[in-house]
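Reader: I would like a close look at one part of this model. Please keep it brisk and give the cut-offs as you go.

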Amino acid sequence: MKASQHLKGLYYFYVAARHLSIKEAAEKLFVTQAAVSQQIRIVEESLGVTLFYRQHRAIELTPEGEQLLPHLKIAFDALDQGVESVLSDNNSKVVTVSVLPSFASRWLIPRLGSFYETHPDIAVSLNMSDALDAFGPQGSDLAIRFGGGTYDGLDSQFLMSDYLYPVCHPSYLGSKKIKKVEDLQKLRLLEDATGNVGWDYWLGAKGYVKEKGGVAKKTVDSKEFSERISFDGSHYVIDSALSAQGVAMVRHCLVADAIQAGNLKPLFDDAVELNFKYFVCAPPHYLQRPKVIKFVEWLSSEVDSFCRKYKVNSNV
């Protein structure tokens, strides 16, 4: 007999042996007494021995049962310790967050001061990467991701939507006298190399790019949008726009603060809602950690304040 083939029955025996009661074992295991008795009999038949003396309303361990019990205690205690080591939080005073560099630098970091004011006993460590960071003792406690919201093995919670629109530095706007989309055709366009947040996405949604087999809603020749500079990260796109190097296609959450400060100007007042959204995600039991709960609650509150403060005009 291989123990691995009868873990359920062995555990049922272990619980019954500890209490010397089939009834108490059933209550602890949330099953019927018949189910406990059946599993123990399967183990006994596989071993070819009797583990309990069965009396009226009572059970006693046989010599074989007494011999087996301490080994099961060691085994199941070790399993409990292994599971506990996975679930435990090695550092309850630091919450490690995996986050996109653009979101970290342009949205999250400027707002972290209010978290420290509310929770001075918890430090925030940021793993800034485009890749979904590993979870575990040396990994992240939580991830903030921009995507579809489905990640294998993780629970995800919706955080907020985002929008796409063009912006430029006030001095660039004044020198180029941009009034309409057609005025962009001879200008330098800045964008993230990621296809779903660039100029093609916005132009297509607004009808300026003729899709294969489709008809453009506007009369702009998309081929004239020729001078484009792509960056590997939206934060670099914004840096370039802040330096008056061109017209940038940007995500609303990354530039709303700069627009309010007068460092960037939105063009055409015409945003497009993106299919991708922001989500917080982690293994289910990580989301129950007190420090993670506090951080997510704070993050959700900041998002609510941001969305109320910076409303978006989206016609698509």
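In which hand does α5 pass α10 at their crossing?

Author: First, the ground rules. This is a predicted model, in which local features need pLDDT of at least 70, side-chain atom pairs count only at pLDDT 80 or more, and totals for chains, interfaces and linings use all residues. Residues are numbered from 1 along each chain as its sequence is written, and side-chain values use heavy atoms, with hydrogens and water left out.

Now the crossing. α5 passes α10 in a left-handed crossing. Left-handed means that the near helix is turned anticlockwise from the far one by less than a right angle; clockwise would be right-handed. Helices here are DSSP runs of H or I with at least four residues, strands are runs of E with at least two, and both are numbered from the N terminus.

Helix α5 spans residues 101–108 and helix α10 spans residues 252–260. Their axes come within 8 Å and cross at roughly 30 degrees. Axes are lines fitted to C-alpha atoms, for helices over the stretch in contact, and angles run from 0 to 180 degrees between N-to-C directions. The angle makes α5 roughly parallel to α10. That class takes angles under 35 degrees; over 145 is roughly antiparallel, 65 to 115 roughly perpendicular, and the rest oblique.

Which side chains meet? On α5, the contact is made by S102, F103, R106 and W107. On α10, C253, L254 and D257 take part. Contact means heavy atoms within 4.5 Å. By class, four residues are nonpolar, one is polar and two are charged. Ala, Val, Leu, Ile, Met, Phe, Trp, Tyr, Cys and Pro count as nonpolar; Asp, Glu, Lys and Arg count as charged; the others, Gly among them, are polar.

Another helix pair sets this one in context. α1 (residues 7–19) and α3 (residues 33–47) have axes that come within 8 Å, crossing at roughly 115 degrees. This crossing, too, is left-handed. K8, G9, L10, Y12, F13 and A16 of α1 meet A35, V36, Q39, I40 and V43 of α3. Eight of these residues are nonpolar, two polar and one charged.

Next, L112. This residue lies in helix α6, residues 112–118. L112 counts as buried because its relative accessibility is 7%. Buried means under 20% relative accessible area, exposed over 50%, and partly exposed in between, with a 1.4 Å probe and protein chains only. Beyond its neighbours within four places in sequence, L112 is in contact with V124, L126, F295 and W298. Its C-alpha atom is 9.9 Å from that of A123, eleven residues apart along the chain.
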